[in-house]
Amino acid sequence: MQIQQFFSSPIRIQVERGHVTVSSVTYRFIRHPGYLGMIVMHLSAPVAFGSIWAMVCGGISGCLYILRTAPEDRTVQEELTGYKDYAGRVRFHLLPGVW
């Protein structure tokens, strides 16, 4: 199965692009692995740049991604076929064993 990315600014189901529930690869452990990757990137980039201001921006960005997971999860559970069952099997949003 090919995993397609459906990142977009508005939270919506992209039926026209064949949006489906995926439960393989990293999705077996957490529901939002793409957001986890973005958070790690935003928090590690300031270390590479050696900038305290970049750390502030990275922290804010990370928090915004975390906040976005809740409304996205609600929307997807309501509108995407099979996601509610998947959410029942995969409990954690971003960190296995934590949240």
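Trainee: Are Asp73 and Arg31 buried or exposed?

Mentor: Please note at the outset that this model is predicted. A residue is called buried when its relative accessible area is under 20%. Asp73 is buried, and Arg31 is buried as well.

Trainee: Which residue forms a salt bridge with Asp73?

Mentor: The general idea is that side chains of opposite charge can pair when their charged atoms come close. In this structure Asp73 forms a salt bridge with Arg31, and their closest N and O atoms are 2.2 Å apart. The pair links distant parts of the chain, since Asp73 belongs to helix 2 whereas Arg31 belongs to the segment before helix 1, 42 residues apart.

Trainee: How many salt bridges does the count come to?

Mentor: The count comes to three salt bridges. One of them joins Arg68 to Glu72, with 3.4 Å between the closest N and O atoms. Both Arg68 and Glu72 lie in helix 2, four residues apart, which is about one turn of the helix. Glu72 counts as buried because its relative accessibility is 16%, and the cut-off for buried is under 20%.

Trainee: What is the distance between the closest N and O atoms of Arg12 and Glu16?

Mentor: In the salt bridge between Arg12 and Glu16, those atoms are 3.2 Å apart. Arg12 has a relative accessible area of 36% and is therefore partly exposed. Glu16 has a relative accessible area of 57%, so Glu16 is exposed.

Trainee: How is a helix to be read, and which residues of helix 1 are buried?

Mentor: One may begin with the span. Helix 1 covers residues 33–49, 17 residues in total, and reaches 24 Å from its first C-alpha to its last, close to the 24 Å expected at 1.5 Å a residue. Its buried residues are Pro33, Tyr35, Ile39 and Pro46. Helix 2, residues 52–79, is included in what covers these buried residues. Just after helix 1 comes Gly50, which takes a positive phi of about 65 degrees.

Trainee: How many disulfides does a search of the whole structure find?

Mentor: A disulfide is a covalent bond between the sulfur atoms of two cysteines. Here the search of the whole structure finds zero disulfides. Cys57 is in no disulfide, as the nearest cysteine sulfur, that of Cys63, is 12 Å away. A pair would have to lie within 2.5 Å to count as a disulfide.

Trainee: Why does Cys63 count as partly exposed?

Mentor: Cys63 counts as partly exposed because its relative accessibility is 46%.

Terms used
Residues numbered from 1 in each chain as written. Predicted model: local features only at pLDDT ≥ 70, side-chain atom pairs only at ≥ 80, totals over all residues. Heavy atoms only, no water. Buried < 20%, exposed > 50% of the residue type's maximum accessible area, 1.4 Å probe, protein only. Helix = DSSP H or I, 4+ residues; strand = E, 2+ residues; numbered from the N terminus. Expected span 1.5 Å × (residues − 1). Contact = heavy atoms within 4.5 Å. Salt bridge = Lys/Arg side-chain N within 4 Å of Asp/Glu carboxyl O.
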